[in-house]
Amino acid sequence: QLQLVESGGGLVTPGGSLRLSCAASALTLDYYAIGWFRQAPGKERVGGSGISSSYGSTVYADSVKGRFTISRDNAKKMVYLQMNSLKPEDTAIYHCAADVFRGDPTAQTMCAPYEYDYWGQGTQVTVSS
């Protein structure tokens, strides 16, 4: 059973940066695609970024494109989300999720919460002055 644990959240002022980490407990992370999702109070969970298992290709929602960068280190079984130029509307609980997809999943697949079976508990990110 794959378990995921997020860390790195916190309070940051607008324009600031945070780096989230997602640690996986598995024999190997090599076969899993990873997505970062966020859920703001009173809103549904939405996808922000994803990274495939095979080629490490990345996808981003328009809302974070150019500001967030997802990366992975399979040897350490870690996935990261570097968030720059943070805005108050980025405030949310951030979750990482993992699943195995056949072939190279589409951007739509990697950003869809219902495509993932394994989830972490989340880490709170608050952007406020």
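Ser 85 sits in the loop between S8 and S9, where strands (E, at least two residues) and helices (H or I, at least four) are DSSP runs numbered from the N terminus. The structure is a predicted model, so local features need pLDDT of at least 70 and side-chain atom pairs count only at pLDDT 80 or more, while totals for chains, interfaces and linings use all residues. Residues are numbered from 1 along each chain as its sequence is written, and side-chain values use heavy atoms, with hydrogens and water left out.

The phi of Ser 85 is near 50 degrees, a positive value in a residue other than glycine. As a rule, most residues other than glycine have a negative phi. Ser 85 counts as partly exposed because its relative accessible area is 40%; buried means under 20%, exposed over 50%, and partly exposed in between (1.4 Å probe, protein chains only). Lys 77 also has a positive phi, about 60 degrees, although it is not a glycine. Its place is the loop between S7 and S8, and with a relative accessibility of 24% Lys 77 is partly exposed.

What order do the strands of the open sheet follow? The 4 strands run S1-S3-S8-S7, with antiparallel pairing. Strands S1 (3-7) and S7 (68-73) form the edges, each pairing on one side only. On average, neighbouring strands in this sheet are turned by 15 degrees against each other, direction ignored; here axes are lines fitted to C-alpha atoms (for helices, over the stretch in contact), and angles between N-to-C directions run from 0 to 180 degrees. Two strands count as paired if DSSP finds at least two bridges between them. For S7 and S8 (residues 78-83), the antiparallel pairing spans 6 bridges. Within this pairing, Thr 69 stands opposite Gln 82 in S8. In general, strands of a sheet pair through backbone hydrogen bonds.

Now for the cysteines. A disulfide is taken to be a pair of cysteine sulfur atoms within 2.5 Å, and by this rule the count comes to 1. The bond joins Cys 22 to Cys 96, with the sulfurs 2.1 Å apart. This pair links distant parts of the chain, since Cys 22 belongs to strand S3 (residues 18-25) and Cys 96 to strand S9, 74 residues apart. The link of Cys 22 and Cys 96 is right-handed, with 65 degrees about the S-S bond. Cys 22 is buried, at 1% relative accessible area, and Cys 96 is buried too, at 0%. Cys 111 is partly exposed, at 21% relative accessibility.

Strand S9 (residues 92-99) also holds His 95, which is buried at 6% relative accessibility. Its side chain makes a polar contact of 3.4 Å with the side chain of Arg 45. Such a contact is a pair of N or O atoms within 3.5 Å; within protein, one must be able to donate a hydrogen and the other to accept it, and residues adjacent in sequence count only if both atoms are side-chain atoms. Leaving aside neighbours within four places in sequence, His 95 is in contact (heavy atoms within 4.5 Å) with residues including Glu 6, Trp 36, Phe 37 and Trp 119.

Finally, Thr 109 is part of helix H1 (residues 107-110). Thr 109 is buried, with 17% relative accessible area. Apart from its neighbours within four places in sequence, Thr 109 contacts Phe 101, Glu 115 and Tyr 116.
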